[in-house]
Amino acid sequence: MIIKWKQGLAAVALTSLAALTFASASGAAASKEKLPAWAATEIAVWKELGLLKGNELGNVLPYDSVKKAEFIAFVNRVFNYTELSGVAFKDVPRTAWYAQDISKALAAGVLIGSNGGEINPLKVLTKEEAAVILSRVFQLPEADGSVSLFKDDANISAWARNAVYALKAGGYISGTADGSFQPNKALTRAEAVKMIHNAMGALIADGKDHASLSGGNLVVNTAGGRLSDVNLTGNLYIAPGVGEGDVVIENAKIGGTLYVNGGGVNSITLKNSKASRLVIHKRSSPVRVVFVGATQVQDVQLLSSSLLDNQSENEVGQVIIAPERGGNSELRGRFGSVTVPSSANESTITLPSQTFIQIFTANRGVTVTGDGAIGNAVIQASGVTLAKKPQTLTLNADQATVEGKVVKKGDTTAPAGGGGGSGGTAPNTVTQLYTHEQALIALRTSAAEQAVNQYITFLQDPTYTPSIANPAVSMPNFTNAITFVNAEFAVKPSIFASLRGINTSVLNEARTLLWIGTDEGVTKISLSDNKMTSYSMDNAQLKDNRVLLLIADGSTGVYAITETGVAHIYQ
């Protein structure tokens, strides 16, 4: 059965093991307990779901202060943590009701003990301490400078500032009527429920299929369901409670980040879906995430051993691989930029034969295995091993191992062509695609690459107006004169400057090929026999079809700069 959701202004739809329900006051009415109006809705929902348990009279005691162990128990019920920590603390007896909750929170990394080997589970929690725990639970990024400060900002501890303002930036806390946060105030049970609920948004805990989901954030803590027609302005959390199970997400628009903290080798599947960002961080074992159909995800972070299987029709824009415990990652499909940051632990990346990466950057030692192809490999650190030679090797480290051979910086016998001192003779034939951002990083060596870089910089400068940017030059009244460039006209927009419909054109150095760029793509014309070859988004040769500028690369082809990317097309 598929359950359809509809979200109102005053209540968030949630599902329990039994049914999908809106908030009601029935639980509160049974005990006749007075609840604070600002948290009554959330408390009623939590009681209905079993997230909040009352005493023998059914009272939830909303005004009582919350101990750390109680707060951790609330969080555990939402995320359904299962992994236990092997670390013991002297103030957490094995038989205590909260022992397993504390152990699970430690294993999940949301709770850290003191230097004295204590957890202080029965300590009353302050608001700023709760903020730190929740920022870890919901994996919140630091707030930017646009977030306004609380009136009592000076009272917020330095170790809690980032967490407090991350919660405020997300809209999960707002402070008191006078704009204060009261960081050292004891947190009440009502405040704890309100705080967690605001960050949680809605909860699916029944493993059933759900359709027409909309709202801010959503947490899924049980495997087996299919989520269809999802429209979230916030984040979607595949919680650790999913374990080794499967979740299918179909026709989804996720405005924030998709966090995958659970799932197994058979996968979390995104079908015809779009997410701004994906973060995979499952501590206990690898998880497989699959993109199918028209799925689009431009920014991916692999923080644990993962298999990212891109079967979609779109290239994944950027992947950062930084597993906190090292381990193995596997990439399948087409990827724009894959980066191993300097902060990463040493790991192994497997690229099966069907995998192609436009730009691979290693800022840390890493081993890349498999028969997959790499366009441009940029090696910035020692300890890098590539099982297969890339099309272009930029070696800025002292050495790397490529196809079993040690390649040293400046070695002219290197097994691949490229910059950074590496040489080679094998010609490239496969068009290399870059986003503007990727091109600014990768294309810096030759004069043509520097011209590409310069033009992209112009495009990204909101103050740049082509017609007045170069006072030394009188710009002609031609349609495509606005395409350009520098005062010396070292790169001309077109040899047909007044011809309408042609945005840009260029002859190769031997004057045997004419390249033309229009709003429909690039056409190469052989001047000896008038044979024409078309390059467009349709045949995966361009990022988009509106060609702004063509720049000859010297001898092997052209760089085609479009509205959203750069294509290096080889002749």
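A search of the whole structure, which is a predicted model, identified one cavity of 30 Å³ or more. A cavity is here a set of points, on a 1 Å grid over the protein atoms alone, where a 1.4 Å probe fits but cannot get out. The largest cavity holds about 50 Å³ of space, a volume being the space filled by probe spheres set on the points, with grid points joined across faces, edges and corners. Its lining, meaning residues with an atom within 4 Å of a point, consists of Leu351, Val368, Thr369, Gly370, Gly372, Ile374, Leu386, Ala387 and Lys388. By class, five of these residues are nonpolar, three polar and one charged. In this scheme Ala, Val, Leu, Ile, Met, Phe, Trp, Tyr, Cys and Pro count as nonpolar, Asp, Glu, Lys and Arg as charged, and the others, Gly among them, as polar.

Residues are numbered from 1 along each chain as its sequence is written. In this predicted model, local features need pLDDT of at least 70 and side-chain atom pairs count only at pLDDT 80 or more, whereas totals for chains, interfaces and linings use all residues; side-chain values use heavy atoms, with hydrogens and water left out.

The chain contains 10 helices and 34 strands, which are DSSP runs numbered from the N terminus (helices H or I, at least four residues; strands E, at least two). Of its 571 residues, 54% are buried, where buried means under 20% relative accessible area, exposed over 50% and partly exposed in between (1.4 Å probe, protein chains only). Contact denotes heavy atoms within 4.5 Å. Among contacts between residues at least 6 apart in sequence, 38% join residues at least 24 apart.

Two packed helices are described by the angle between their axes and the distance between the axes. Helix α2 (residues 40-49) packs against helix α7 (residues 189-200) at about 80 degrees, with the axes 9 Å apart; the two are therefore roughly perpendicular, a term covering angles of 65 to 115 degrees. Axes are lines fitted to C-alpha atoms, for helices over the stretch in contact, and angles run from 0 to 180 degrees between N-to-C directions. Helix α2 contributes Glu42, Ile43, Val45 and Trp46 to the contact, and α7 contributes Ala190, Val193, Lys194, Ile196, His197 and Met200. These residues divide into seven nonpolar, one polar and two charged.

Helix α4 (residues 99-108) is largely enclosed by the rest of the structure, because nine of its 10 residues are buried. The buried residues of α4, including Ile102 and Leu106, pack against α3 (68-79). Just after α4, Gly109 adopts a positive phi of about 80 degrees.

Helix α5 (residues 127-137) is likewise largely enclosed, since nine of its 11 residues are buried. Among them are Lys127, Glu128 and Val132, and the buried residues of α5 pack against α3, α6 (158-169) and α7. Gln139 follows α5 and has a positive phi, near 50 degrees. In the loop between α5 and α6 lies Pro141, which is exposed, with a relative accessible area of 55%. Residues up to four places away in sequence not counted, Pro141 touches Ala166 and Tyr259. The C-alpha atoms of Pro141 and Tyr165, 24 residues apart along the chain, are separated by 9.8 Å.

Thr435 belongs to strand β27 (residues 432-435) and counts as buried, at 16% relative accessibility. Apart from its neighbours within four places in sequence, Thr435 is in contact with Lys543, Thr564 and Gly565.

Technical notes: 1 Å grid on protein atoms, 1.4 Å probe; cavity = no way out; pocket = protein on both sides within 12 Å on 5 of 7 lines; lining within 4 Å. Parallel < 35°, antiparallel > 145°, perpendicular 65-115°, else oblique.
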